[in-house]
Amino acid sequence: MAEHNELGKLGEELASGYLAERGYSILHRNWRWGRYELDIIALKGGVLHFVEVKTRASNIYGFPEENVTTKKIRHLLKAADEFLYLHPDYHHIQFDVLAINKWGNDPAEYLLLEDIYL
């Protein structure tokens, strides 16, 4: 497996643990619809969270949260629309970005951007 794929898997593992420790119930990881994917779908306080996880092992390409592009946001919206079509019981939703910096053996650093405006 390519190194960036391994980092992505590690990031999603770290993200799931981070969110669970903060009271989120993880409903789905890597939920797919066609070519679109939602990294984490979680529930907390009656709000459904669509969480995009971005992980970086260095700052050469900038901060992880800076890599949530307009194209990625469009894909997130399409996938979320389909999820909500299939699961119409959810009325309160929000989109979050969880940025993780994992440099070598240092502890991971987290930045949770909640309820981002799309």
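This report walks through the salt bridges, the nonpolar core and a charged surface patch of the structure above. Please keep in mind that the model is predicted.

**Salt bridges**

Let us start with the charged pairs. Side chains of opposite charge can pair when their charged atoms come close. The structure holds five salt bridges, and three of them are listed here.

| Salt bridge | N to O distance |
|---|---|
| Arg29 and Glu13 | 3.0 Å |
| Lys54 and Glu52 | 3.7 Å |
| Glu52 and Lys72 | 3.7 Å |

The Arg29 and Glu13 side chains meet in a salt bridge. Because Arg29 sits in strand 1 and Glu13 in helix 1 (residues 3–21), this pair ties together parts that are 16 residues apart in sequence.

With a relative accessible area of 3%, Glu52 falls under the 20% cut-off and so counts as buried. Its salt-bridge partner Lys54 is buried too. Glu52 also pairs with Lys72; since Glu52 belongs to strand 3 and Lys72 to helix 2, this contact ties together parts that are 20 residues apart in sequence. Through shared partners, salt bridges join Glu52, Lys54 and Lys72 into one network.

**The nonpolar core**

Which residues make up the largest nonpolar core? Its eleven members are Trp31, Tyr36, Leu38, Ile41, Leu48, Phe50, Leu76, Ala79, Ala80, Phe83 and Phe95. Strand 2, strand 3 (47–56) and helix 2 (70–86) are the elements that give two or more residues to this core. Helix 2 gives the most, with four residues.

**A positive patch on the surface**

On the surface, Arg35, Lys71, Arg74 and Lys78 gather in a patch of positive charge.

Arg35 is found in the loop between strand 1 (25–33) and strand 2 (36–44). Its relative accessible area is 61%, over the 50% cut-off, so Arg35 counts as exposed.

Lys78, in turn, is part of helix 2. Its relative accessible area of 40% lies between the 20% and 50% cut-offs, so Lys78 is partly exposed. Lys78 and Glu37 are 41 residues apart along the chain, and their C-alpha atoms are separated by 9.2 Å.

Note on methods: Residues numbered from 1 in each chain as written. Predicted model: local features only at pLDDT ≥ 70, side-chain atom pairs only at ≥ 80, totals over all residues. Heavy atoms only, no water. Patch = residues over 30% accessible without salt bridge, like charges linked within 9 Å, V, L, I, M, F, W, Y side chains within 5 Å. Areas by Shrake-Rupley, 256 points an atom, 1.4 Å probe, with all protein chains shown as cover. Salt bridge = Lys/Arg side-chain N within 4 Å of Asp/Glu carboxyl O. Lys, Arg positive; Asp, Glu negative; His and termini not counted. Charge placed at Lys NZ, Arg CZ, Asp CG, Glu CD. Buried < 20%, exposed > 50% of the residue type's maximum accessible area, 1.4 Å probe, protein only. Core = buried A, V, L, I, M, F, W, Y, C linked by side-chain atoms within 4.5 Å.
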